[in-house]
Amino acid sequence: MDVEVPGGQQVYVAPNGALSFTQAHSISYPPGSQFGGFGGNGGELVYAGPNGTAGWIACPVDDLDFSPPLNDVYQIYANVSSHPTRFPNNGAFFVCYDVTLLLDVYTGGFGAWQYV
């Protein structure tokens with residue numbers, strides 16, 4: 001991540017598969033997180049994780065009481081077996097979607113001071 005904040009920030013895949021990044025001024029991350037395996041292929045962000053993980057999915061964010069997703073907000077996950085692609089919600093199911101993450105070259109200096 002091209003940020004200006006001292007110490008920078010790093011992107012990783014959390015143990016639950018969530019695409020995540022370290023907080024500014026911190027190197028803290030959950031045990032079992034994966035920092036390697038990222039690359040670019042034909043303008044797409046690819047991830048080759050453990051156990052043949054490949055691809056990305058977007059899943060609705062839930063407020064943990066199985067009410068409807070919050071304002072159609074989605075979390076990006078590496079397509080790992082530890083994250084369900086369907087999960088129950090009062091008799092219905094939230095469904096995750098396959099997504100493609102595109103890359104673009106940015107040459108304007110730092111992209112941000114920090115990401116939150």
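Accessible areas here come from the Shrake-Rupley method with a 1.4 Å probe, and for residues only the protein chains shown count as cover. By that method the protein chain exposes about 7,500 Å², and carbon and sulfur atoms supply 55% of it. This is a predicted model, in which local features need pLDDT of at least 70, side-chain atom pairs count only at pLDDT 80 or more, and totals for chains, interfaces and linings use all residues. Residues are numbered from 1 along each chain as its sequence is written, and side-chain values use heavy atoms, with hydrogens and water left out.

Start with the overall make-up. The protein chain has 0 helices and 9 strands. Both are DSSP runs, numbered from the N terminus: helices are H or I with at least four residues, strands are E with at least two. Along the sequence the pattern reads β-β-β-β-β-β-β-β-β. Of the 116 residues in the protein chain, 28% are buried. Buried means under 20% relative accessible area, exposed means over 50%, and partly exposed lies in between (1.4 Å probe, protein chains only). Contact means heavy atoms within 4.5 Å. Among contacts between residues at least 6 apart in sequence, 46% join residues at least 24 apart.

Now the sheet. Two strands pair if DSSP finds at least two bridges between them. Strands of a sheet pair through backbone hydrogen bonds, either parallel or antiparallel. Here an open sheet of 3 strands runs in the order S6-S5-S9, with antiparallel pairing. Strand S6 (74–78) and strand S9 (97–99) stand at the edges; each has a single partner strand, so one side of each is left without a neighbour in the sheet. From one strand to the next, the twist averages 40 degrees. The axes behind such angles are lines fitted to C-alpha atoms, for helices over the stretch in contact, and angles run from 0 to 180 degrees between N-to-C directions. Strand S5 (residues 56–60) pairs with S6 in the antiparallel sense over 5 bridges. Within this pairing, cysteine 59 has glutamine 75 in S6 as its bridge partner.

Next comes a hairpin. S3 and strand S4 (residues 44–47) pair in the antiparallel sense over 4 bridges. Glycine 40 has leucine 45 in S4 as its bridge partner. The two strands of the hairpin have 2 residues between them, and glycine 42 in the turn has a positive phi of about 60 degrees.

Turn to the rings. Rings of Phe, Tyr and Trp (its six-membered ring) pair if their centres lie within 6.5 Å; planes under 30 degrees apart count as stacked, over 60 as edge-to-face and the rest as tilted. By this rule there are 8 aromatic pairs. In one of them, tyrosine 12 and tyrosine 29 have ring centres 6.3 Å apart and planes at 55 degrees, so the pair is tilted. This pair links distant parts of the chain, 17 residues apart: tyrosine 12 is in strand S1, while tyrosine 29 is in the loop between strand S2 (19–21) and strand S3 (38–41). Tyrosine 12 is buried at 7% relative accessibility, whereas tyrosine 29 is partly exposed at 42%. Phenylalanine 38 and tyrosine 47 form another tilted pair, 5.2 Å centre to centre with 45 degrees between the planes. Phenylalanine 38 is partly exposed, with a relative accessible area of 26%. Tyrosine 47 is buried, at 4%. Tyr12, Tyr29 and Phe35 form one aromatic cluster.

Serine 33 lies in the loop between S2 and S3. Serine 33 is buried, with a relative accessible area of 11%. Not counting residues up to four places away in sequence, serine 33 touches Tyr12, Val13, Ala14 and Pro15. A polar atom of its side chain lies 2.6 Å from the backbone oxygen of proline 30. Serine 20 is in strand S2 and is buried at 15% relative accessibility.

Finish near the start of the chain. Glutamate 4 is in the segment before strand S1 (11–13). Glutamate 4 is partly exposed, at 43% relative accessibility. Leaving aside neighbours within four places in sequence, glutamate 4 is in contact with Phe110, Ala112 and Trp113. Its C-alpha atom is separated by 7.9 Å from that of glycine 111, 107 residues apart along the chain.

Key. A polar contact is a pair of N or O atoms within 3.5 Å; within protein, one must be able to donate a hydrogen and the other to accept it, and residues adjacent in sequence count only if both atoms are side-chain atoms.
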